[in-house]
Amino acid sequence: PAPTAVTTTTVPDLEPEPQPTLENLVPGFEGTLYFAHFSSSLSQERMTTWRSELSAPLSTELPAGFPQLDASGTRLAMIRGQSIDNDFMGGVISLFWNLSKSHRPFPDSDSFLGSGVTGLIWHATEPGQLAWIESEGDERWVLRTGDVEDPGIPVEPVTVAEFDGISWPLYWDDEYVVVATYELEGGDEPLFPSGPLIGLFDMTGTPLAITDDGFIGRLATGEFMLLDTLVGPEESPVTYLADAGFEPVGQLGLVSSRIPFGVARSSQGDVTAVLFGSRDDGPTSILTIDEAGTAECRFSSSLLSVFWSVDGEWLVAPDQQGHLSFIDPETCTEVRVPLPNDVGSLAAVGR
């Protein structure tokens with residue numbers, strides 16, 4: 001019989017489908033998300049970044065603390081060498097510049113600032129302006145400010161105020177700085193009161209007001225938002241607005257079961273976003289406040305925190321289900337993006 005021809009079929013190599021980038025998933029979003037993941041040892045943390053042009057986050061190990069971005073979204077500061085066990089000792093500030101020009105998961109840095117630093121905060125609207133509190137020994141803490149706009153110029157700190165207890169800054173703008181302070185009492189083992197005292201100072205270090213209520217933030221309209229903690233066991237904490245004497249001047253008009261989780265100011269400081277949750281872990285809402293008034297967006301998911309994008313176009317909020325919500329505050333529409341497992345907690349949104 002004649003031989004049978006053998007037919008060979010070549011199967012081409014199939015390239016995997018490209019994964020969508022973050023800007024594909026959220027059309028119109030441009031920027032970088034910064035996540036902090038704290039290990040159980042408290043001695044090593046993992047920093048994760050997700051740039052909008054990438055399809056997945058990138059991570060690197062860093063012996064540093066919780067990151068904070070300045071108003072431009074291009075400078076980052078963290079406290080290095082601080083842990084729960086050595087809050088009194090503090091650490092040093094590690095500075096990173098030009099983040100938007102870096103294609104690494106995280107740029108190298110050999111620029112450090114301060115000693116025994118317990119806390120830091122960027123100016124609310126001025127890029128490159130940093131405030132921090134560091135220990136000078138003998139139960140003495142000092143508030144300092146400095147211009148860290150350029151990496152090649154030495155920082156010349158300006159001392160603003162001194163404190164007799166361990167302290168850290170909560171807010172800073174052209175008019176005021178807000179500082180939380182624990183008074184130290186007792187012998188070798190200091191006794192802490194039930195909560196820190198919150199002090200308001202002008203930029204000469206002159207104390208203006210003090211309260212033991214919780215500080216939430218300052219609104220774009222100028223009032224301070226405080227949380228009255230002196231309530232009965234069956235009552236909800238009451239959110240109220242206060243003036244520069246921390247005296248009540250009004251409320252936001254939300255029902256008492258809504259509890260503020262955080263405040264985010266736009267980079268220009270002209271709009272404030274306040275995230276509210278409910279006592280029963282139910283739906284959350286975001287209230288945006290500017291000189292023209294207020295607008296509220298309600299969400300079925302339980303959001304955990306809220307951040308402005310640097311361009312002021314988006315609100316970014318993680319939820320309890322492992323998603324990020326990218327929210328258009330003008331239309332209250334959101335795009336939910338699932339996060340990879342073990343990416344950490346969203347800490348900042350930059351360029």
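Two strands count as paired if DSSP finds at least two bridges between them. Keep that in mind for the opening topic. The model itself is a predicted one.

Let's start with a sheet. Strand β4 and strand β5, residues 76-80, pair in the antiparallel sense over two bridges. In that pairing, Gln 68 stands opposite Ala 77 of β5. Now the wider view. The sheet is open and has seven strands, in the order β4-β5-β6-β7-β8-β9-β10, with antiparallel pairing. Which strands stand at the edges? They are β4, residues 68-69, and β10, residues 158-163. Each has a single partner strand, so one side of each is left without a neighbour in the sheet.

Next, the aromatic rings. A pair of rings is described by the distance of the centres and the angle of the planes. The count here comes to eight aromatic pairs. Take Phe 215 and Phe 224. Their pair is tilted, with 6.4 Å centre to centre and 50° between the planes. Are these two buried or exposed? Phe 215 has 15% relative accessibility, so Phe 215 counts as buried. Phe 224 has 1%, so Phe 224 counts as buried too.

Now a second pair, Trp 314 with Phe 326. This one is edge-to-face, at 6.5 Å centre to centre and 85° between the planes. Trp 314 lies in the loop between β23 (307-308) and β24 (315-318), and Phe 326 lies in strand β25, residues 323-328. The pair therefore ties together parts that are twelve residues apart in sequence. Both Trp 314 and Phe 326 are buried.

On to the core. In soluble globular proteins, nonpolar side chains tend to be buried together. The largest nonpolar core in this model has 16 residues. Which members touch the most others? Phe 29, Leu 33 and Phe 326 do. The elements giving two or more residues to this core are β1 (32-38), β25 and β27 (345-350).

Look at Phe 326 up close.

Val 316 sits in strand β24. Its relative accessible area is 0%, so Val 316 is buried. Beyond neighbours within four places in sequence, Val 316 is in contact with residues including Phe 29, Leu 33, Ser 305, Phe 307, Leu 346 and Val 349. Consider Leu 33 again. Val 316 and Leu 33 are 283 residues apart along the chain, yet their C-alpha atoms are separated by 9.3 Å.

Last topic, the disulfide. How many does the structure hold? One. Cys 297 and Cys 332 form it, with sulfur atoms 1.9 Å apart. The angle about the S-S bond is -75°, and the link is left-handed. Cys 297 lies in strand β22, residues 293-299, while Cys 332 lies in the loop between β25 and β26 (333-338). So the pair ties together parts that are 35 residues apart in sequence. The burial of the two cysteines is worth a look. Cys 297, at 3% relative accessibility, counts as buried. Cys 332, at 31%, counts as partly exposed.

Key. Residues are numbered from 1 along each chain as its sequence is written. This is a predicted model: local features need pLDDT of at least 70, side-chain atom pairs count only at pLDDT 80 or more; totals for chains, interfaces and linings use all residues. Side-chain values use heavy atoms; hydrogens and water are left out. Helices (H or I, at least four residues) and strands (E, at least two) are DSSP runs, numbered from the N terminus. Rings of Phe, Tyr and Trp (its six-membered ring) pair if their centres lie within 6.5 Å; planes under 30 degrees apart count as stacked, over 60 as edge-to-face and the rest as tilted. Buried means under 20% relative accessible area, exposed over 50%, partly exposed in between (1.4 Å probe, protein chains only). A nonpolar core is a set of buried Ala, Val, Leu, Ile, Met, Phe, Trp, Tyr and Cys residues joined through side-chain atoms within 4.5 Å. A disulfide is a pair of cysteine sulfur atoms within 2.5 Å. Contact means heavy atoms within 4.5 Å.
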